[in-house]
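Subject: Structure for you to look at

Hello,

Here is the structure I promised you. Please open it first, then read my notes below.

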Amino acid sequence: MKEINYKDMKFNPFNLIGGEWMLVTAGNEQSGCNTMTASWGHLGCLWGHNDPTAIIYLRPSRYTKEFVDKEEYFTLCVMDKSFKKQMAYLGSTSGRDEDKVARTGLTPVYANDTVYFSEAKLVLICKKEYKAELQDSGFIYQDTIDECYPKGDFHTMYVGKIEKVLVRDDEYLK
């Protein structure tokens, strides 16, 4: 993989997150890691000098949340379509119950104070800068709560400053 400047990236963020999905991963070589598939999130600029940021949302029940909470960094990995089966598995199986990363055959790379997968075609290395629980009082429409949170298990939102962008090839370059 090679590092690129985020300003040199090209892609449709709606397709990247909602269509291609991504793996949210956190951990370290000593304690291990966990990952999960996500199709919700945001990419943009925020604070400071319009720093590039990624926003992710994790439910309290997700094992990956424990890793994201205790680590300074998390990563977002976009995989080839050939990994859809593994990504579906990683999104539906808990790492509390088994080593799901090993079962999928993905190769963790521990670097830059975090972990990502060597098979990824795009990696965003994010330093956590903000965390907040979504609150029912913040929703304008009760329908959203009824549809997305019937159990009251509101997501935690994390804002991460994108510190490094790694690409396998030129697919995401201008």
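**What I found**

Threonine 114 lies in strand 8 (residues 114-117). Helices (H or I, at least four residues) and strands (E, at least two) are DSSP runs, numbered from the N terminus. This is a predicted model, in which local features need pLDDT of at least 70 and side-chain atom pairs count only at pLDDT 80 or more, while totals for chains, interfaces and linings use all residues. Residues are numbered from 1 along each chain as its sequence is written, and side-chain values use heavy atoms, with hydrogens and water left out.

Is threonine 114 buried or exposed? Threonine 114 counts as buried, at 2% relative accessibility. Buried means under 20% relative accessible area, exposed means over 50%, and partly exposed is in between (1.4 Å probe, protein chains only). Leaving out residues up to four places away in sequence, threonine 114 touches Gly27, Tyr73, Phe74, Thr75, Val109 and Ile125. Contact means heavy atoms within 4.5 Å.

**Cores**

A nonpolar core is a set of buried Ala, Val, Leu, Ile, Met, Phe, Trp, Tyr and Cys residues joined through side-chain atoms within 4.5 Å. The largest one has 26 residues. Val24, Ile56, Phe74, Leu76, Leu122, Leu124 and Val165 touch the most other members. Elements that give two or more residues to this core include helix 1, strand 2 (22-28), strand 6 (73-78) and strand 9 (122-133). Strand 10 gives the most, with four residues.

Take leucine 124. Beyond its neighbours within four places in sequence, leucine 124 is in contact with Met9, Leu43, Phe74, Thr75, Leu76, Ile162, Lys164 and Val165. A second, separate core has 15 residues, among them Cys77, Leu106, Phe117 and Val123.

**A cavity**

On a 1 Å grid over the protein atoms alone, a cavity is a set of points where a 1.4 Å probe fits but cannot get out; lining residues have an atom within 4 Å of a point. Grid points are joined across faces, edges and corners, and a volume is the space filled by probe spheres set on the points. There is one cavity of 30 Å³ or more. The largest cavity holds about 50 Å³ of space. Its lining is Leu16, Ile17, Met22, Leu43, Leu76, Val78, Leu122 and Leu124. Helix 1, strand 6 and strand 9 each give two or more residues to that lining.

**Rings**

The structure holds six aromatic pairs. Rings of Phe, Tyr and Trp (its six-membered ring) pair if their centres lie within 6.5 Å; planes under 30 degrees apart count as stacked, over 60 as edge-to-face and the rest as tilted. Why is the pair of phenylalanine 11 and tyrosine 172 edge-to-face? Their ring centres are 6.1 Å apart and their planes are at 85°, so the pair is edge-to-face. The two residues are 161 residues apart in the chain. Phenylalanine 11 is partly exposed, with a relative accessible area of 31%. Tyrosine 172 counts as buried, at 3% relative accessibility. Elsewhere, ring pairs link Phe139, Tyr149 and Phe154 into a cluster.

Lysine 84 has its charged end over the ring of tryptophan 21, 3.6 Å from its centre. Lysine 70 lies over the face of phenylalanine 67, at 4.8 Å from the ring centre.

Best wishes

How values were computed
A charge sits over a ring if NZ of Lys or CZ of Arg is within 6 Å of the ring centre and within 35 degrees of the ring normal. On a 1 Å grid over the protein atoms alone, a cavity is a set of points where a 1.4 Å probe fits but cannot get out, and a pocket is an open set with protein on both sides within 12 Å along at least five of seven lines; lining residues have an atom within 4 Å of a point.
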